[in-house]
Amino acid sequence: MLLLCIPFMTLVSVTPWRHLQLAWRDDNAIAVSMGLGILALAIIIIIGIPVAWWLSQATGRRRIIGELLVMIPLLTPPLAMGILLVSAFGPYGMFGRWLSLLGATLVNNPAAFVLAQVYGALPYFIVVARSAFATVPKNILEAGQTLGASGWNRFRFLTLPLALPGLASATTLAWVRAVGEFGIVMIFAYFPQGIPVKLYTNLQNDGVDAVYTLLWMLLIVTLPLPMVCFVLGKRAAKERKQV
């Protein structure tokens, strides 16, 4: 536990508290990460929930293939994934050429930034959300079916409430992964600069003393939501056991 705490204890001690100030364009990086991160998170939830639900219900070869398709991008190193996205969606890639025919590009623009965040966070969301759906007791769903509830109503009124703590964890993990993604964004969408890339450029240009304020902002943006969801999830699990 102490080993895990050492970096954060060090950050508190080395931060120049009397001279905290954002560097040039740091405020723009915060706005980019927050605004586009929220958009990426919405896309991740819309795509991820149906996929996670299908994986939790699928069996046999379909399930194995689906899980492999999710695990491959999850296990691919971020820098490698960034190169793959440039190869696929860049101006000379197969999909990139199709987009250019429509007058659109997907490199170094807000759309590319969001796509990089989605690729960085979506697999994590699907894995955790699938586990959340898998914990829903099947006898409850069968009872709902026996009482005449449609598939959508069983999903809406039974599955989602029971899986909500796990889905909250999936959402917070996806948020942290999306906002904190560096490798994919660095290669595929260097501009507009979000917080991680701006931290890197500040470090390269002005040294480590110039990054502490923005580093604190990154932690403030990413850490509170997962910690709140963790506490609420524990409380919900405790109340469920009491019932």
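Helices here are DSSP runs of H or I with at least four residues, numbered from the N terminus. Read in that way, the protein chain runs α-α-α-α-α-α-α-α-α-α-α-α along its sequence, with 12 helices and 0 strands. The model is a predicted one, and the picture below is built up from the whole chain to single residues.

In overall dimensions, the C-alpha atoms fill a box of roughly 65 × 50 × 30 Å along the principal axes. The protein chain has 243 residues, and 36% of them count as buried. Its contacts reach across the sequence: among those between residues at least 6 apart, 75% join residues at least 24 apart. The accessible surface of the protein chain comes to about 14,500 Å², and carbon and sulfur atoms account for 70% of that area. One nonpolar patch on this surface, of about 620 Å², is formed by Met94, Phe95, Trp98, Leu101 and Leu102.

The protein chain carries 17 positive and 8 negative side chains, and the centres of the two sets are 14 Å apart. Side chains of opposite charge can pair when their charged atoms come close. A search of the whole structure for such pairs returns 4 salt bridges.

Two of the pairings involve Glu67. Within helix α3 (residues 60–75), Glu67 and Arg63 sit 4 residues apart, about one turn of the helix, and their side chains form a salt bridge with an N to O distance of 3.3 Å. Both partners are partly exposed: Glu67 has a relative accessible area of 27%, and Arg63 has one of 29%. Glu67 also meets Arg130 in a salt bridge, here at 3.1 Å from N to O. This pair links distant parts of the chain, with Arg130 in helix α6 (residues 110–134) and Glu67 in helix α3, 63 residues apart. Arg130 counts as buried because its relative accessibility is 16%, under the 20% cut-off.

A further salt bridge brings together the side chains of Glu181 and Arg177, at 3.4 Å from N to O. Glu181 is buried, with a relative accessible area of 4%, whereas Arg177 is partly exposed at 27%. Through shared partners, salt bridges join Arg63, Glu67 and Arg130 into one network.

The backbone holds a few points worth a look as well. Most residues other than glycine have a negative phi, and most peptide bonds are trans. Against that background, the peptide bond from Phe191 to Pro192 is cis, with omega near 0 degrees. Pro192 belongs to the loop between α9 (183–188) and α10 (195–206).

Arg25 is not a glycine, yet its phi is about 70 degrees. Arg25 lies in the loop between α1 (2–14) and α2 (26–57), and its relative accessibility of 40% makes it partly exposed. For Asn108, likewise a residue other than glycine, phi is positive and near 55 degrees. Asn108 occupies the loop between α5 and α6 and is partly exposed, with a relative accessible area of 38%.

Definitions and conventions: Residues numbered from 1 in each chain as written. Predicted model: local features only at pLDDT ≥ 70, side-chain atom pairs only at ≥ 80, totals over all residues. Heavy atoms only, no water. Buried < 20%, exposed > 50% of the residue type's maximum accessible area, 1.4 Å probe, protein only. Contact = heavy atoms within 4.5 Å. Areas by Shrake-Rupley, 256 points an atom, 1.4 Å probe, with all protein chains shown as cover. Lys, Arg positive; Asp, Glu negative; His and termini not counted. Charge placed at Lys NZ, Arg CZ, Asp CG, Glu CD. Patch = residues over 30% accessible without salt bridge, like charges linked within 9 Å, V, L, I, M, F, W, Y side chains within 5 Å.
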